[in-house]
Amino acid sequence: MADGGKPTLCFLSYKNPNLKGPRRMKLPSIANPDLVPLFDNQPRWNLPDYRRRGFHNLHTTMRYGMSLRAPRVLPLRKQIDWTIGERPGVARFLTMPHFSAFIVVRGERILYERYAPDFGPDRPHPIMSITKTTLNLMLGRTMADGLVNLDERVSTYLPEIGTGYAEATVKAVADMNVANDFSEDYSDAQATVYNMDAASGSRLPPEGQKEETIRSYLCGVTGGDLANRTGYALYKSSNTEVLGWIIERASGRALRDWLIEIVEAAGIEGCYHTACDREGVPVFGAYLSARDLARYGLLFARKGEGVDGRRVGDAAFIEETRRNPGPPMPKPRDWFRYSNQMATDGTWLGHGGYGGQYMLANPDTGIVVVYFSV
């Protein structure tokens, strides 16, 4: 205590007589172990011993992200049909070690629901490339409003884009029908998709390499003759990011605002977590609970109509997506085709995602099926 009775923090004014000036220490640091590539060019969260925990917590692992919630929720009530779980194909998938969640809904009813012991109905799960389906809703709206023409070249909307996309049509991008130098073969440790992952914050860039934004990366994708002559879809997640950029540029609306509108129309109960790059541009890799992904899938079962009459997709465009699809997927999945950022067999439409995620919607029956796995 000082003479005046006030406490004094003596250590703040302490000076070491052996030091002639302020001592500055360079504190050591290491690369974030969850994000630095370790083996086979994979970050720790995606290595076998960590993958299940990594997937179940990936929404808190990504470097950048945002979370969106709906002001009004679509209520779901249970009306269980136990015969669904008794079907041999379903029963087999529910006992797989990789299983996380499975739900079947129609309208406002849960027809069947199951979860792994280490998961549950309120837990968010990465839906990975299922997020691409939001582009179908956005693209349908921009086309209906006369803002985007599928037959135009990408460079019409994005004059700064590189040779990997400049001369491709918007339709080719939407249908995974572009041949360029971007590669997404996950069995290849040097596939260029991993460089895009670094731009979107799911891994660290190589030591000494500057971190890119998602759009600076897209401008660097190269290509020559962009025509796809394989006869099959050439699946490239970079296509989705280009399409989102086109929609934002043509509409004058930030992708964040598009996503808020979709989340509100779906009436999801929990959070829609989405990854971003360091500039805050949303990347098309979201995280949802199984029930909320089912609520989202109902937007397609209802052909773009959301809760309280909100319309976020175009019914005619959704019908065009499943009735006049693009190229078939490579064998052995050539029994369905890729169309406007969705997969379809002509009846259902939906999408899969890295790690074994699936969402399928049937507008004819109103049924949506969701499956999560690691």
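At what angle do H4 and H10 pack, and how far apart are their axes? Before selecting them, note that this is a predicted model, in which local features need pLDDT of at least 70 and side-chain atom pairs count only at pLDDT 80 or more, while totals for chains, interfaces and linings use all residues. Residues are numbered from 1 along each chain as its sequence is written, and side-chain values use heavy atoms, leaving out hydrogens and water.

**Stop 1**

Select 133–144 for H4 and 255–266 for H10. The two helices pack at an angle of about 105°, with axes 11 Å apart. Helices here are DSSP runs of H or I with at least four residues, strands are runs of E with at least two, and both are numbered from the N terminus. Axes are lines fitted to C-alpha atoms, for helices over the stretch in contact, and angles run from 0 to 180 degrees between N-to-C directions. H4 and H10 are therefore roughly perpendicular to each other, a label for angles of 65 to 115 degrees; under 35 counts as roughly parallel, over 145 as roughly antiparallel, and the rest as oblique.

Show side chains next. From H4, the contact takes in Thr134, Leu137, Met138, Arg141 and Thr142, and from H10, Leu255, Trp258, Leu259, Glu261 and Ile262; contact means heavy atoms within 4.5 Å. By class, that contact holds 6 nonpolar, 2 polar and 2 charged residues. Ala, Val, Leu, Ile, Met, Phe, Trp, Tyr, Cys and Pro count as nonpolar, Asp, Glu, Lys and Arg as charged, and the others, Gly among them, as polar.

Look for Asn136, Leu137, Leu139, Gly140 and Met143 in H4, which meet Phe317, Ile318 and Thr321 in H12. This contact of H4 with H12 has 5 nonpolar and 3 polar residues, with no charged ones.

Ile262, Ala265 and Ala266 of H10 touch Arg295, Tyr296 and Leu299 of H11. Here the classes are 5 nonpolar, no polar and 1 charged.

**Stop 2**

Which residues are closest to the centre of the largest pocket? This pocket has a volume of about 1300 Å³. Of its 42 lining residues, select Phe336, His351, Gly352, Tyr358 and Leu360, the closest to its centre. On a 1 Å grid over the protein atoms alone, a pocket is an open set of points with protein on both sides within 12 Å along at least five of seven lines, a cavity is a set where a 1.4 Å probe fits but cannot get out, and lining residues have an atom within 4 Å of a point. Grid points are joined across faces, edges and corners, and a volume is the space filled by probe spheres set on the points.

Colour H3 (88–94), S5 (99–106), S12 (349–353), S13 (357–362) and S14 (367–373): each supplies at least two lining residues. The lining divides into 27 nonpolar, 9 polar and 6 charged residues.

The second largest pocket has a volume of about 150 Å³. Its lining includes Asp122, Arg123, Glu269, Cys271, His273 and Arg295. H11 gives the largest share of this lining, 3 residues. The classes are 3 nonpolar, 3 polar and 6 charged.

**Stop 3: the cavities**

A search of the whole structure finds 2 cavities of 30 Å³ or more. The largest cavity holds about 450 Å³ of space. Of its 29 lining residues, Met128, Tyr186, Asp197, Ser200 and Ser202 lie nearest its centre. Select S9 (282–288), which supplies the largest share of that lining, 5 residues.

The second largest cavity holds about 30 Å³. Asn195, Pro205, Gln209 and Lys210 are among the residues that line it.

**Stop 4: the backbone**

Zoom to Lys331 and Pro332, where the peptide bond is cis, with omega near 10°. Pro332 lies in the loop between H12 and S10 (337–339). Finally, select Asn41, a residue other than glycine with a positive phi, near 60°. Asn41 is in the loop between S1 (37–39) and S2.
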